[in-house]
Amino acid sequence: MLLVPIVYLVIAMSAIQGAALAVEGASRQAARVFVESATPADAEASAERAVQFALADYGLDPNGVTVEISCSPRPSECLTRRGFVTVVVTSRAVLPLVPPVLDLDVPLSVPLSSTATQQVSRFWGAAP
């Protein structure tokens with residue numbers, strides 16, 4: 001009698017944990033590759049690629065994920081020496097085996113979000 005709820009709890013928790021690890025890894029790696037890029041265009045492309053790879057590693061659909069990149073102290077110039085780049089990745093972990101409730105077409109899910117901040121090197125842009 002107790003076996004079914006316990007098994008479902010383990011399955012649901014593993015789905016949530018996998019999505020949490022994916023979102024955390026995606027934000028951390030996106031921030032890292034962003035600050036190491038040579039140009040802002042390369043930085044955005046590298047961050048997007050890093051997010052896609054991290055989500056693919058955990059089998060998450062990248063269509064339901066939002067990525068926000070912000071910079072400080074100058075929001076218009078992300079790659080400035082000793083500036084900070086913050087990447088926020090938000091997703092939802094869909095609970096397995098849950099039927100639609102109250103005629104909603106949206107499956108029940110748990111919202112997940114992760115934030116990572118990296119500092120641009122003080123040597124960024126210096127000639128080698």
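A polar contact is a pair of N or O atoms within 3.5 Å, and within protein one of the two must be able to donate a hydrogen and the other to accept it. Keep that in mind for Ser-27: one of its side-chain polar atoms sits 3.1 Å from the backbone oxygen of Glu-24. What you're looking at is a predicted model. Here's a quick tour, starting with the sheet and moving on to the helices and a pair of serines.

**The sheet**
- Three strands make up an open sheet, in the order β1-β2-β3, and their pairing is antiparallel.
- At the edges you'll find β1 (66–72) and β3 (109–119), each of which pairs on one side only.
- On average, neighbouring strands here are turned by 15° against each other, ignoring direction.
- In general, strands of a sheet pair through backbone hydrogen bonds, either parallel or antiparallel.
- β1 and β2 (residues 84–94) run antiparallel and are joined by 7 bridges.
- For one of the bridge pairs, look at Thr-66, whose partner in β2 is Thr-90.

**Helix α1 and the serine pair**
- Helix α1 covers residues 3–35 and lies across β1, β2 and β3, running at about 25° to β3.
- Ser-27 belongs to helix α1, while Ser-114 has its place in strand β3.
- Ser-27 has a relative accessible area of 1%, so it counts as buried.
- Ser-114 is buried too, because its relative accessibility is 10% and the cut-off for buried is under 20%.
- Leaving out residues up to four places away in sequence, Ser-114 touches Val-23, Glu-24, Ser-27, Val-87, Val-88 and Val-89.

**Helix α2**
- Helix α2 (residues 40–57) has 18 residues and reaches 26 Å from first C-alpha to last, close to the 26 Å expected at 1.5 Å a residue.
- Its buried residues are Ala-43, Ser-46, Ala-47, Ala-50, Val-51, Ala-54 and Leu-55.
- Seen down the axis of α2, the buried residues fall within an arc of 165°, so they line one face of the helix.
- Those buried residues of α2 pack against α1, β1 and β2.
- Over on the other side of α2, Ala-41, Phe-53 and Ala-56 are exposed.
- After α2 comes Gly-59, with a positive phi near 75°.

Technical notes. Residues numbered from 1 in each chain as written. Predicted model: local features only at pLDDT ≥ 70, side-chain atom pairs only at ≥ 80, totals over all residues. Heavy atoms only, no water. Pairing = 2+ DSSP bridges. Helix = DSSP H or I, 4+ residues; strand = E, 2+ residues; numbered from the N terminus. Axes fitted to C-alpha atoms, helices over the stretch in contact; angles between N-to-C directions. Contact = heavy atoms within 4.5 Å. Buried < 20%, exposed > 50% of the residue type's maximum accessible area, 1.4 Å probe, protein only. Expected span 1.5 Å × (residues − 1). Arc of directions from axis to C-beta.
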